[in-house]
Amino acid sequence: MKKYLALLIAMLMALTLLPAAVAEEEPVTVDMFYVSSRPMNEFTDMTRAYVRDTIGVDMNLIQGGDNWKQQLALFITGGDILDLMAFMDASTFQGYAAEGAFYDITDLVGQYENIQAYLSSVQGYTAEDMLARTTVDGAIYGIPSVTTARSYYSLNIRTDWLKNVGLEIPSTLDEFTEVMRAFKNNDPDQDQKDDTYGFSGAQGYNSLTPFFGAFGARPDQCYFLSEDGKVVTNVLSEDYKAALQYIRDVYAEGLIDPEMFTATYQQTQEKVVRGEFGLWTGWWSATGNVVFRFGYTDTNPEDSLTVIDPPVGADGKTGVIAQDPCESYMAIGYDCENVDAVMKLIDFACSTEGHLTLMYGVEGQFWTRDADGNIDWYFGIDGKDKEGNEVSDMQAYRFFYNIPVENMVRPLSDNFASRLYQKSIEVYTDVAVYPDLFLGLTSSDFVNYNSDLESYVKEAGIKFITGETSLDTDWDSYVNTYLSMGGEAVRTSLLEAYNNANGTSLVFE
């Protein structure tokens, strides 16, 4: 009997000790940094707790602001290397990768099925194609956030204002000019005050992309192949200059909100709500967000906004900035002690369940899915979760995009905001775009000079538009400065990379 009791006690101790050992295993905390203005609250805390309990990773989010590049630089140069950095643009990623700031994941990334499936989701590209964009000297230093959208730039208009001034939705550049003029001069909001502008933008200088497109150009650095088979440097081209002249003219006429180059995204959205302009360019979600997040219908009519195509120029040209299929980049800090945990988190986020959780919250309370995969998104339908709590924004912990998964949910809500989101998706799926001939190419000169060139192009463009400098007398100086500060080295090195990759012998126009 004593032997039996001793054996029984030993068995019970073994059974109790094993779960205790598992239960005592602490989750691994991952320090995450990316640009985000999304609120963290009791509902997003549930997302954090779910991820922690499901995969054993606790997400410590450090939110970057408008000066995120400076913040990131301080972390990296100060030795406070973060575990995960996301939403980086190409030049920022490539610059730090070249400096050795990121962890080499070459031998790891192929082990994660969800990551591989996500990177293979863009038609015409493989996971290897996408990872080539994060490869430096043969080593993979990051994972891109990929997209199926042709462009994320959305052109939006007040349809009630159109009705008030007696005009239809414009299609040609001349019609757009007429609409902007009426929105400025004809009291479109009928408040008996001269307090409105024709156009503004939530994306700064790039908000002008519809107007540049009407001249066959873009507001940013890129390259085109001309009809005679030569490479055009966009920001030095006659088309770019002609677009600047048009924009300068309508700006001088007072049709453009003078604060559009300095206002933040939130300030621009608030201006939409206040009715300060009737036509603007924003990110694809901006017009839906102005209803869903900024209370547009509290003071403005229902269904008084819509998303439209960019203007068509006199010679039939039209389009906006093409979206790079690798829209942003995430990477792991070079001396991260929790690499496996970060990769596990990224892999979880790449799964359908993971992305829905990070985007919309915990399954059951915020969304449900039936046996056929159909999703009910509670707070997207009536603003409340399953328990009746008022819910607005749940996306604080979403650190990249997954359009196919997000589009599984959007159509469910038949309300003003959701209809605008759906319209934006329809437009960006087939909007005319201007792709960059050198997309995805890089060089040491590109890494060294491109960021400064990007700033210079925007600053110079704004000066031309506002009249601080003259296109008649200062254009040549602008071109020479651009080339001498690294523009010539960058474009020459990218052309060499393109010719080497494609077996061509193209030259500049």
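A salt bridge is a side-chain nitrogen of Lys or Arg within 4 Å of a carboxyl oxygen of Asp or Glu. To see several together, select Asp-257, Glu-259, Lys-271, Arg-274 and Glu-276, which are linked in a network of salt bridges. A search of the whole structure finds 21 salt bridges. Side chains of opposite charge can pair when their charged atoms come close.

Some ground rules come before the next stop. This is a predicted model, in which local features need pLDDT of at least 70 and side-chain atom pairs count only at pLDDT 80 or more, while totals for chains, interfaces and linings use all residues. Residues are numbered from 1 along each chain as its sequence is written, and side-chain values use heavy atoms, with hydrogens and water left out.

**Confidence**

Colour the chain by pLDDT, the predictor's confidence in each residue, from 0 to 100. The mean for the protein chain is 91, and 94% of its residues reach 70 or more. Now select residues 1-23, where pLDDT stays under 50. For this stretch the model has zero contacts beyond four places in sequence; contact means heavy atoms within 4.5 Å.

Select strand E1 (residues 28-35) together with E2. Helices (H or I, at least four residues) and strands (E, at least two) are DSSP runs, numbered from the N terminus. E1 and E2 pair in the parallel sense over eight bridges; two strands pair if DSSP finds at least two bridges between them. Which residue in E2 is the bridge partner of Phe-33? The partner is Ile-62.

Next, show the side chains of Asp-58 and Arg-48, which form a salt bridge with the closest N and O atoms 2.7 Å apart. This pair links distant parts of the chain, with Asp-58 in strand E2 (residues 57-64) and Arg-48 in helix H2 (residues 42-55), ten residues apart. Asp-58 is buried, at 11% relative accessible area, and Arg-48 is partly exposed, at 23%. Buried means under 20% relative accessible area, exposed over 50%, and partly exposed in between (1.4 Å probe, protein chains only).

**Asp-89 and Lys-69**

Select Asp-89 and Lys-69, a salt bridge whose closest N and O atoms are 3.3 Å apart. Asp-89 lies in the loop between strand E3 (84-88) and helix H4 (90-98) and Lys-69 in helix H3 (residues 68-77), so the pair ties together parts 20 residues apart in sequence.

**Tyr-112**

Move to Tyr-112, in the loop between H4 and helix H5 (113-119). Is Tyr-112 buried or exposed? Its relative accessible area is 15%, so Tyr-112 counts as buried. Leaving aside neighbours within four places in sequence, Tyr-112 is in contact with Asp-340, Met-343, Lys-344 and Asp-347.

**Helix H19**

Finish at Met-485, in helix H19 (residues 471-502). Met-485 is partly exposed, at 29% relative accessibility. Not counting residues up to four places away in sequence, Met-485 touches Tyr-449, Asp-452, Leu-453 and Tyr-456.

Glu-488 is partly exposed, at 32% relative accessibility, whereas Arg-491 is buried, at 15%.
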